[in-house]
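Please look at the sequence and the structure together before reading on. The report that follows begins with a single residue and then widens to the whole chain.

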Amino acid sequence: MFCYQCQEALHNKGCEKVGVCGKKSDTADFQDLLIHACKKLAETALIAQKKEVFTRKAGETIIKALFYTITNASFDDERIREMIIEVCDVRKELAKEVQPDAKYKDHPTPDQMLQRAKEVGVLSTSDEDIRSLTELLIYGLKGIAAYAEHSYALGYTSPEIESYMFKALAKTLDEKRQKDEMVQLVMECGEMGVKIMALLDEANTKTYGEQEPTAVSIGAGNNPGILISGHDLRDLADLLEQTKGTGVDVYTHGEMLPANAYPYFKKYSNLIGNYGGSWWQQQKEFASFNGPILMTTNCLVSPLPAYKDRLFTTGVAGFSETKHIPDRKNGEMKDFSEIIELAKKCPSPVKLEEGHIYSGFAKDTLLANKDKIIDAVSKGLIKRFVVMAGCDGRMSDRSYFTEVAQQLPEDTIIMTAGCAKYRYNKLPLGKIGDFPRVLDAGQCNDSYSLAVLALSLKDVLELDDINQLPISFDLAWYEQKAVLVLLALLYLGFKNIRLGPTLPAFLSPKIAQFLVENFDIKPIKDPGSDIDAMIQGL
Ligand code: SF4
Ligand code: SF3
């Protein structure tokens with residue numbers, strides 16, 4: 001195996017024997033082969049498109065398959081192998097129509113797959129700059145795939161994004177690909193990142209209503225409960241409908257927290273609030289929750305015996321040793337009855353804390369308050385906005401983000417999205433006027449809301465350049481959706497972005513230099529000097 005796709009890559013170089021995330025060598029190799037199978041399917045899909053043959057099945061399959069390879073989603077070798085076979089089958093079907101003379105081998109055995117994986121992994125590209133750009137592109141595509149999967153689950157699809165994915169994936173098979181072509185595709189990935197986040201925003205708000213500012217309870221009640229984590233809102237909708245009136249409460253965890261701010265979910269009185277914090281604290285929190293836990297996407301951590309029998313996965317999330325809820329069929333709900341029956345036999349959750357945290361400051365609320373925001377800025381009540389969106393992680397150096405939140409002057413507002421917020425969203429940071437000093441726009445994809453607000457303020461204030469706004473970016477990254485969010489911000493023209501805790505291991509020195517020179521990306525330093533610089537707009 002060789003994997004350096006996330007911020008925890010060993011020694012900030014790469015995991016070679018086993019992942020810091022717990023991913024085993026075989027799992028990494030199967031994932032490499034799955035990505036390769038997607039590239040081959042994309043190649044066939046491009047031929048099909050030229051011949052005007054329908055490629056939607058190929059697009060949907062690639063979206064699902066790439067999502068399987070995102071950090072901390074699937075640790076289940078068997079299901080990854082099944083996915084490889086599914087991708088190959090979709091390709092064969094498509095090829096029958098467009099390349100009738102092509103010959104295909106029988107499905108390989110698991111051992112043959114592992115052998116083949118060694119020839120197609122990350123290190124199979126020898127030029128380190130081309131490899132760096134290729135992987136930057138692939139990770140951006142994984143981010144697109146993740147957001148597309150959620151959007152597609154709600155019936156919002158995009159042939160444009162699928163076509164881009166075919167083009168980008170197929171290019172990575174071209175042994176003569178040049179740096180400038182790859183840079184072009186990476187920039188286009190940022191553009192598609194904006195489009196897929198916009199589509200997911202439309203899917204979520206049209207299906208579940210516009211997020212509204214909400215004080216979310218972080219306590220626990222006396223009924224048995226089910227804890228739902230990950231990003232998939234449709235899974236939550238199915239779960240709430242099936243638990244209604246059963247005496248079983250539902251709590252969100254991790255990236256599911258913003259669901260509490262959607263009007264659609266608020267109508268369920270058994271949605272109690274949010275339990276616990278960020279994904280990496282799950283071993284402690286899942287143990288004390290006492291009831292079943294449903295993981296809908298990343299980020300999973302290897303389960304402890306204390307709760308392994310109560311842990312269920314669904315969608316792309318999976319462990320080989322835990323129960324998995326099958327996909328929905330023909331638009332019906334997923335069947336969560338087994339989880340609900342188990343919950344009824346479990347004790348209620350141990351109360352970890354009490355009180356509330358605020359969520360729901362997404363684009364519609366932000367835009368509705370635009371005049372108030374401009375007024376507060378012009379009166380000097382708000383001096384600067386600091387966007388600290390992105391991911392959280394388990395390494396201790398992430399205390400940087402807590403310290404920045406604590407040390408920022410009281411006339412600054414922190415804007416956030418993604419699980420990075422758990423580093424500071426329970427601190428008593430106070431308010432400025434009606435606004436909590438931490439404005440939580442939602443899940444990582446809701447970073448889109450923050451970009452929409454910035455673009456709108458630029459127009460209202462008639463600025464030439466978005467970077468003239470009093471907004472600084474201090475982003476925390478961990479997995480590949482954060483890579484996509486970063487590319488989307490670069491595409492929109494934001495500069496001077498601070499990134500941490502470390503710059504990605506997959507950036508070669510020259511590609512890192514390219515990003516610094518063209519976009520003024522900076523590694524984070526220490527809270528004090530970064531705050532001083534941000535306050536000065538540097
Ligand atoms: Fe290592 Fe991250 Fe890859 Fe896991 S996902 S193997 S921690 S680089
Ligand atoms: Fe978090 Fe995994 Fe990225 Fe959606 S749940 S932001 S790390």
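In this predicted model, leucine 439 counts as buried, because its relative accessibility is 3% and a residue is called buried when that value is under 20%. Leucine 439 belongs to strand β15, which covers residues 438–440. When neighbours within four places in sequence are left aside, leucine 439 is in contact with Phe361, Leu366, Ile413, Ile414, Met415 and Thr416. Lysine 372 lies 67 residues from leucine 439 in sequence, and their C-alpha atoms are 14 Å apart in space.

**Two further buried residues**

Leucine 300 also counts as buried, at 1% relative accessibility, although its place is in a loop, the one between β6 and β7. Not counting residues up to four places away in sequence, leucine 300 touches Asn72, Ala73, Phe75, Gln282, Met295, Thr313, Ala317, Gly318 and Phe319. Glycine 22 is 278 residues away from leucine 300 along the chain, yet 9.8 Å separates their C-alpha atoms.

Lysine 39 is found in helix α1, which runs over residues 25–50. Is lysine 39 buried or exposed? With a relative accessible area of 10%, lysine 39 is buried, since the cut-off for that word is under 20%. Once residues up to four places away in sequence are set aside, its contacts are Ile138, Leu169, Ala170, Thr172 and Leu173. For lysine 39 and serine 399, the separation is 360 residues in sequence and 39 Å in space, taken from C-alpha to C-alpha.

The table sets out these pairs.

| Pair | Separation in sequence | C-alpha to C-alpha distance |
|---|---|---|
| Leucine 439 and lysine 372 | 67 residues | 14 Å |
| Leucine 300 and glycine 22 | 278 residues | 9.8 Å |
| Lysine 39 and serine 399 | 360 residues | 39 Å |

**The nonpolar cores**

Which residues have the most contacts inside the largest nonpolar core? They are Leu141, Ile144, Tyr164 and Met165, in a core of 126 residues. Helix α5, residues 128–153, provides the largest share of this core, namely twelve residues. Another core lies apart from it and has 25 residues, among them Ile226, Leu236, Ala259 and Phe336.

Leucine 141 can be followed in more detail: leaving aside its neighbours within four places in sequence, leucine 141 is in contact with Leu66, Tyr164, Met165, Ala168, Leu169 and Cys189.

**Backbone details**

Most residues other than glycine have a negative phi, and most peptide bonds are trans. Against that background, several places in the backbone deserve a careful look.

The peptide bond from asparagine 298 to cysteine 299 is cis, with omega near 10°. Cysteine 299 sits in the loop between β6, residues 293–295, and β7, residues 311–314, and leucine 300 lies in the loop between β6 and β7 as well. A cis peptide bond, with omega near 5°, also leads from glycine 500 to proline 501. Proline 501 is in the loop that runs between β17 (498–500) and α17 (509–519).

Asparagine 496 is not a glycine, but its phi is positive, near 65°. Asparagine 496 is located in the loop between α16, residues 480–491, and β17, and its relative accessible area of 25% makes it partly exposed. Aspartate 520 likewise has a positive phi, of about 55°, although it is not a glycine. The loop that holds aspartate 520 lies between α17 and β18, the latter covering residues 522–523. Aspartate 520 is partly exposed too, with a relative accessible area of 32%.

**The chain as a whole**

How many helices and strands does the protein chain have? There are 18 helices and 18 strands. The radius of gyration of the chain is 23 Å, close to the 24 Å that the globule rule gives for 538 residues, so the chain is as compact as a globular protein of that length. Along its principal axes, the C-alpha trace spans about 70 × 60 × 45 Å.

Of the 538 residues, 60% count as buried. Among contacts in the chain with a separation of 6 or more, 75% are made by residues 24 or more positions apart. The chain exposes about 21000 Å², and carbon and sulfur atoms supply 50% of that area.

Notes: Residues are numbered from 1 along each chain as its sequence is written. Chains are lettered from A and ligands numbered from 1 in the order in which they are written. This is a predicted model: local features need pLDDT of at least 70, side-chain atom pairs count only at pLDDT 80 or more; totals for chains, interfaces and linings use all residues. Side-chain values use heavy atoms; hydrogens and water are left out. A nonpolar core is a set of buried Ala, Val, Leu, Ile, Met, Phe, Trp, Tyr and Cys residues joined through side-chain atoms within 4.5 Å. Buried means under 20% relative accessible area, exposed over 50%, partly exposed in between (1.4 Å probe, protein chains only). Helices (H or I, at least four residues) and strands (E, at least two) are DSSP runs, numbered from the N terminus. Contact means heavy atoms within 4.5 Å. The radius of gyration is taken over C-alpha atoms; the globule rule is 2.2 Å times the number of residues to the power 0.38. Accessible areas come from the Shrake-Rupley method with a 1.4 Å probe; for residues, only the protein chains shown count as cover.
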